[in-house]
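Hello,

Here is the structure I promised to pass on. Please open it first, then read my notes on its aromatic rings below.

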Amino acid sequence: MMPRYLIYGLLAFLLASDVVFAASKPQNFGEQLNLAALLVKDRHYSRALGILLRLPLPEGEDEDDKQSRQRFHTLTGLAYLGLEQYSQAGERFENALASGQTDPLIYIYLAQVYHQLKRHQKTLEAIEKATPLIDKYPALYEMKAQSQWALKQYDQAWRTLVIARDRFPKDPRFLRRQVFYLIEKQLYRQAADLGMLYLDLSERGPKDYAALGNALRHGGQMELASHILEQGRLLYPQDTTLAKLLANTYFSREMPLAAAWIMEQAAWVDASLFADAAELYRRAGELYKALQINASVPDPKSNRRERVAILLALKRYEQVLAMHRSLDRVGLLQDDSIRYALAFAAYRSGHFEKAKTYLSAIRTPKIFRQASELRRLIKECKAEPWRCA
């Protein structure tokens, strides 16, 4: 959506121009343009377009006609920009320039349009023409750096951010973008150091810690990611996004027990995470703890599915078989992976015919191959029981 502070400069001109129109154009035309300008100012973009697109555009070559076309195209472009219809907005702003529009704000709007359309060179050209105003709009520096980076003008992009930080020392967005550019270039240690500076200087929140930690995770820098996420977790212990990212980072570092503990703490804030906590405890080999946590899983299907996995790991095959009715109640007996789990439990309990009944219903190709192997084992056990003792 178009920032409101970008609207007012041109609208002041557009509204003030009504004096000229009143003298030479049908009063209705000027009134309609002013009404459209007010609607754009109040963000009623569709209503403004409804007025503008019905107006006959003056075709004369005197100054009043030229100015009318400038106002018309500019207002129409602003309405399209407000609706995020960037191609149409760009076309109208270019028409406004062709009609003689000279206000440098028009180039700021064009830069925004080209930026959204990822026309990076055109974005830079528009920003260059808006130079007299660039220090009034910090967003232009960010757009400029992004366009330069996209065009692989890495040194220029970095210099743009350095200049922006110098001119807007209290605006953290430029430091933040430097951090992520360093990560993109795999300069992780420098990114982490600059990231900590960003977190110290900005009005940081849990999303900032999460974004930086997650970016380092995706770069394979698990230790650095842990460091950032741990700090965020200490500051925002109730934020479950940070907890999940930290737990996933610990798990990636082959620390499943630490991951499980973090997830369990988060589950007391968001009960849906009990299932993840139980699974992490199971993977950490803490099966009795996993069974305990499983009792708190609120979703019946997740609860039963996880319980089957834990009981199989504990070799409590008869208890798995005893879950038949509860699995049926929640609709899990239609799941081939559950059917296979029950068949395996029946096989290990010596209930071969029951195992074959479960196996006969399996249709999923991957599980069907596992079922075929289990049938072979059952056949061997029946032929030579001593093998399965």
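**Aromatic rings**

Tyrosine 141 is buried, and phenylalanine 168 is buried too. Buried means under 20% relative accessible area, exposed over 50%, and partly exposed in between, with a 1.4 Å probe and protein chains only.

Before you go on, note that this is a predicted model: local features need pLDDT of at least 70, side-chain atom pairs count only at pLDDT 80 or more, and totals for chains, interfaces and linings use all residues. Residues are numbered from 1 along each chain as its sequence is written, and side-chain values use heavy atoms, leaving out hydrogens and water.

The whole structure holds ten aromatic pairs. Rings of Phe, Tyr and Trp (its six-membered ring) pair if their centres lie within 6.5 Å; planes under 30 degrees apart count as stacked, over 60 as edge-to-face, and the rest as tilted.

Why is the pair of phenylalanine 93 and tyrosine 109 stacked? Their planes are at 20 degrees, with ring centres 5.5 Å apart, so the pair counts as stacked. Phenylalanine 93 is in helix α6 (residues 86-98) and tyrosine 109 in helix α7 (residues 105-116), so the pair ties together parts 16 residues apart in sequence. Helices here are DSSP runs (H or I, at least four residues), numbered from the N terminus. Phenylalanine 93 is buried, at 0% relative accessible area. Tyrosine 109 is buried, also at 0%.

Back to tyrosine 141 and phenylalanine 168: they form an edge-to-face pair, 5.7 Å centre to centre, with 65 degrees between the planes.

Ring pairs also link Tyr317, Phe344, Tyr347 and Phe352 into a cluster.

Best wishes

Technical notes. Helices (H or I, at least four residues) and strands (E, at least two) are DSSP runs, numbered from the N terminus.
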